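This note is meant for a colleague who is meeting the structure for the first time. Please keep the model open while reading the points.

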Amino acid sequence: MEQRPFGPTGTLVPVIGQGTWNMERTRPAAIAALRRGLDLGMTHIDTAEMYGSGTVEELVGEAIAGRRAEVFLVSKVLPENASRRGTTIACDRSLRRLRTDHLDCYLLHWPSRHPLTETIAAFEQLVRDGKIKSWGVSNFNEDAVEDAVRIAGPDRVACNQVLYHLSERAIEPYILPLCRQHRIAVVAYSPFGQGRFVSHPVLEEIARARGATPRQVALRFLVRDSHVFAIPKAATVLHVEENAGAGTLQLSQEEIRRIDDAFPLRTTRRGNLPVL
Ligand code: NAP
């Protein structure tokens with residue numbers, strides 16, 4: 001599994017991680033899948049207090065029990081809880097459910113009505129208290145990213161987690177270059193379009209030539225930029241094993257160009273938020 005530095009943290013994180021949204025629906029299978037993912041090096045596990053109203057964090061806690069040191073563990077505070085005090089309380093709740101004493105990265109799930117200065121102040125206090133190693137944002141457009149960097153200063157925002165899959169490439173012209181400029185990792189969520197993945201003859205041809213699958217080719221295309229990571233969710237061992245295969249796949253410039261042509265970038269107005 002290829003690893004790369006996660007934004008300014010410099011921590012090596014696998015290019016393909018594991019999402020956990022909706023995993024409470026298939027709990028035992030999901031736990032087995034997460035553990036298999038860890039075996040295969042998919043140690044970036046993404047969760048949130050929102051998922052299953054906390055039950056997914058509990059499930060993740062069970063899946064990583066005894067293996068915490070292997071995991072790059074990420075959770076998210078709900079915007080409604082993201083006041084200075086609310087963020088700290090939410091983090092403590094998440095740590096309890098996850099059965100750990102720290103998160104590797106803690107994200108604001110999407111922009112909040114609470115002032116960003118308060119949320120960032122809480123994040124920085126949590127870093128000082130050793131409860132989180134780093135913090136980031138999610139669903140932030142360019143202006144919101146600029147605000148976060150202005151408030152926090154350089155090299156504080158670890159990542160921006162955003163919607164990114166072959167049929168939704170809106171981040172490419174603006175958010176991705178901006179994050180690159182500020183050394184912010186970009187984490188692609190819903191890399192299979194939330195289960196609506198549709199293959200394409202180009203993906204199939206490349207997959208055949210590489211002894212891979214179309215989904216592996218699609219995931220590798222998304223992480224072709226050295227700042228990008230992907231977190232597919234898979235609640236079955238077979239799916240996890242397939243996704244892990246993207247972590248070692250290589251694509252040539254010509255193959256990347258063909259995929260680029262097959263999934264045209266739909267232009268977006270500057271300032272658009274990726275769709276939640
Ligand atoms: P996704 O990863 O695009 O798609 C998940 C679906 O794809 C599931 O139905 C899964 O099935 C299926 N799947 C995965 N691997 C497969 C494979 N190899 N073959 C066939 N089917 C496969 O969707 P997502 O859950 O929306 O996004 C991934 C993660 O991103 C989430 O779980 C969450 O952690 C994060 N996320 C964050 C935000 C945010 O606002 N920050 C929003 C959405 C998602 P099985 O489960 O049956 O294996």
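1. Basis of the note. This is a predicted model, in which local features need pLDDT of at least 70 and side-chain atom pairs count only at pLDDT 80 or more, while totals for chains, interfaces and linings use all residues. Residues are numbered from 1 along each chain as its sequence is written, and side-chain values use heavy atoms, with hydrogens and water left out.

2. Helices (H or I, at least four residues) and strands (E, at least two) are DSSP runs numbered from the N terminus. Buried here means under 20% relative accessible area, against over 50% for exposed and in between for partly exposed (1.4 Å probe, protein chains only). In a regular strand the side chains alternate between the two faces of the sheet. On one side of β8 lie A185, V187 and Y189, on the other V186 and A188, and all are buried.

3. Neighbours of β8. Two strands count as paired if DSSP finds at least two bridges between them. Strand β7 (residues 157-163) runs parallel to β8 and is joined to it by 5 bridges. Within this pairing, L163 is opposite Y189 and V162 is opposite A188. Strand β9 (residues 228-230) is also parallel to β8, over 3 bridges, with A230 opposite A188.

4. In β7, 7 of the 7 residues are buried. Strand β6 (residues 135-138) pairs with β7 in the parallel sense over 3 bridges, and S138 has Q161 as its bridge partner. A right-handed β-α-β unit is formed by β6, helix α5 (residues 142-152) and β7. Another right-handed unit consists of β7, helix α6 (residues 175-181) and β8. Right-handed means that, with the strands pointing away from the viewer, the path from the first strand over the helix to the second runs clockwise.

5. Helix α8. Which residues of α8 are buried? They are Q216, V217, A218, L219, R220, F221 and L222, that is, 7 of the 9 residues in this helix (residues 214-222). These buried residues pack against β1 (3-5), α7 (201-210), β9, α9 and α10 (253-262).

6. Helix α2 and S94. In helix α2 (residues 55-63), V56, E57, L59, V60, G61 and A63 are buried. Their packing partners are α1 (27-39), β3 (44-46), β4 (72-77) and α3 (84-98). S94 has its place in helix α3 and counts as buried because its relative accessibility is 0%. Leaving out residues up to four places away in sequence, S94 touches E49, E57 and S75, where contact means heavy atoms within 4.5 Å.

7. The largest pocket. A pocket is an open set of points on a 1 Å grid over the protein atoms alone, where a 1.4 Å probe fits, with protein on both sides within 12 Å along at least five of seven lines; lining residues have an atom within 4 Å of a point. The largest pocket has a volume of about 650 Å³, taken as the space filled by probe spheres set on the points, which are joined across faces, edges and corners. Its lining has 30 residues, with W21, S190, Q194, G195 and K233 nearest the centre. Helix α9 (residues 237-244) gives the largest share of this lining, 3 residues.
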